[in-house]
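Please examine the sequence and the three-dimensional structure shown below.

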Amino acid sequence: MRVIAADPSVLPMWSTVELRFADGRTERAIVLDKGGAIRGRKLDYLTASHGEAIRFGRQQVDVKIIERGAR
């Protein structure tokens, strides 16, 4: 499962979500960080390296909440 950062007022810590990317691929992720610059309906998707993050870029994804974490 991927690790993401999210605004805790939108997605509380320990929430599990399913991300659907523009290419149709889906992936499960868990909110384990709130990120310093993450506000509102934005996510920060953890990648293994800076190069991978650059290749991944900014993307618009659909988010389905599987299990909401504790606030």
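Leaving aside its neighbours within four places in sequence, with which residues is Y45 in contact? The answer is R2, V3, I4, L19, F21, R25, E27 and F56, where contact means heavy atoms within 4.5 Å. Before these residues are placed in the fold, two remarks on the model are needed. This is a predicted model, in which local features need pLDDT of at least 70 and side-chain atom pairs count only at pLDDT 80 or more, while totals for chains, interfaces and linings use all residues. Residues are numbered from 1 along each chain as its sequence is written, and side-chain values use heavy atoms, with hydrogens and water left out.

The overall plan comes next. One helix and five strands make up the secondary structure of the chain; helices (H or I, at least four residues) and strands (E, at least two) are DSSP runs, numbered from the N terminus. Their order along the sequence is β-β-β-β-α-β. The C-alpha trace spans about 35 × 25 × 20 Å along its principal axes. Among the contacts in the chain with a separation of 6 or more, 70% are between residues 24 or more positions apart.

The strands are joined in several ways, two strands being paired if DSSP finds at least two bridges between them. Strand 1 (2–6) runs parallel to strand 3, with four bridges between them, and I4 has V31 in strand 3 as its bridge partner. Strand 1 also runs antiparallel to strand 4, to which three bridges join it; here A6 stands opposite L43. Strand 2 and strand 5 are antiparallel and share five bridges, with R20 opposite D62 in strand 5.

A residue is buried when its relative accessible area is under 20%, exposed when it is over 50%, and partly exposed in between (1.4 Å probe, protein chains only). Buried residues make up 28% of the 71 residues. Strand 5 (residues 62–67) is hardly covered, as the count of buried residues among its six residues is zero. T16, found in strand 2, is buried at 12% relative accessibility. Beyond its neighbours within four places in sequence, T16 is in contact with M1, A29, I30, K64, I65, I66 and E67. H50, in helix 1, is exposed at 63% relative accessibility. H50 and D62 are twelve residues apart along the chain, and their C-alpha atoms are separated by 24 Å.

The largest nonpolar core has nine residues, namely I4, A6, L11, V17, L19, F21, A29, V31 and Y45. Such a core is a set of buried Ala, Val, Leu, Ile, Met, Phe, Trp, Tyr and Cys residues joined through side-chain atoms within 4.5 Å. Strand 1, strand 2 and strand 3 each supply at least two residues of this core.

The structure also holds three aromatic pairs. Rings of Phe, Tyr and Trp (its six-membered ring) pair if their centres lie within 6.5 Å; planes under 30 degrees apart count as stacked, over 60 as edge-to-face and the rest as tilted. F21 and F56 form an edge-to-face pair, 5.8 Å centre to centre with 90 degrees between the planes. F21 lies in the loop between strand 2 (16–20) and strand 3 (26–33) and F56 lies in helix 1 (residues 50–56), so this pair ties together parts that are 35 residues apart in sequence. F21 is buried, with a relative accessible area of 4%, whereas F56 is partly exposed at 21%.

Y45 and F56 form a stacked pair, because their ring centres are 4.5 Å apart and their planes lie at 10 degrees. This pair links distant parts of the chain, Y45 in strand 4 (residues 43–45) and F56 in helix 1, eleven residues apart. Y45 is buried, at 14% relative accessibility.

The charged end of R25 sits over the ring of F21, 4.1 Å from its centre; a charge sits over a ring if NZ of Lys or CZ of Arg is within 6 Å of the ring centre and within 35 degrees of the ring normal.
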